[in-house]
Amino acid sequence: MPMLMTAAGTVKAARVLILGAGVAGLQAIATAKRLGAVIEASDVRPAVKEQIESLGAKFVDVPYETDEERECAVGVGGYARPMPASWMQRQALAVHERAKQADIVITTALIPGRKAPTLLSAETVAQMKTGSVVIDLAAAQGGNCPLTVADQVVVENGVTICGPTNLAGEVAADASALYARNANDVVNPAAKNDPKSPIAGMLILEAFKAKTIIVNKRSMASGYAGLDNELFYLDKTMMVFGDAKKVIEDMVKAVD
């Protein structure tokens, strides 16, 4: 992926186009940058331009021409809102020109509760370079490309299109570690009981309402938010420390 200068000549760095600069998009930019790619990224929200550029990518700027476009571009809760057709047409033109030059296109655009917006048209894919790759991370909600097939790898006009729907499941060890670090906060009553808590208002499992609580942890270490969990100190809570697999096996043996 990086530029290589050899005795036989110079190999140009791969060109990567990323559509959607939320958490997944920004991570894709950072990873591609570390690998030495030349990166361009697009997002409807103007606020992410600085974030994109801070990671070393070039922002694909599609100017807003109406107040409606500017209002929609602000987004809600960190997510983009559906944009007017006029803006989408201009973005499609900008994406089309850049996708034709790209070696890799990664699409990540999602709108909660809606079908994923189409950002990479079949016509654009038809004009992409043979051997280029599209990774559609919105495949679970219909995909950002109409040629995407969920959980399959298809080839169209020499372009490989991947539609994974459960990438976290493909990195089970890392996903498990991330879940474990967040599990503390997912059952922390502070989200409900303490309006001043950093996690106030977060959706949680209301485990504190159970008559008896059994918690299996390796230690009393705090979760991702760095907060103590009052659930662990309730009189009705039994703390069991150790490896989860072994603890469960021992509990099953005890019951048998």
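A contact means that heavy atoms lie within 4.5 Å. Among contacts in the protein between residues at least 6 apart in sequence, 57% join residues at least 24 apart.

The structure is a predicted model, in which local features need pLDDT of at least 70, side-chain atom pairs count only at pLDDT 80 or more, and totals for chains, interfaces and linings use all residues. Residues are numbered from 1 along each chain as its sequence is written, and side-chain values use heavy atoms, with hydrogens and water left out.

The protein contains eight helices and eleven strands; these are DSSP runs numbered from the N terminus, with helices (H or I) of at least four residues and strands (E) of at least two. Two strands pair if DSSP finds at least two bridges between them. Strand S9 (residues 159-162) takes part in the following two pairings.

| S7 (residues 133-136) | parallel | three | Ile 135 |

S8 and S9 form a hairpin with two residues between them. In this turn, Asn 157 has a positive phi of about 55 degrees.

The overall dimensions follow. The radius of gyration of the protein is 23 Å, whereas a compact globule of 256 residues would have one near 18 Å; the radius is taken over C-alpha atoms, and the globule rule is 2.2 Å times the number of residues to the power 0.38. Along the principal axes, the C-alpha atoms fill a box of roughly 65 × 50 × 35 Å.

Of the 256 residues, 36% count as buried, that is, under 20% relative accessible area (1.4 Å probe, protein chains only).

Conventions. Buried < 20%, exposed > 50% of the residue type's maximum accessible area, 1.4 Å probe, protein only.
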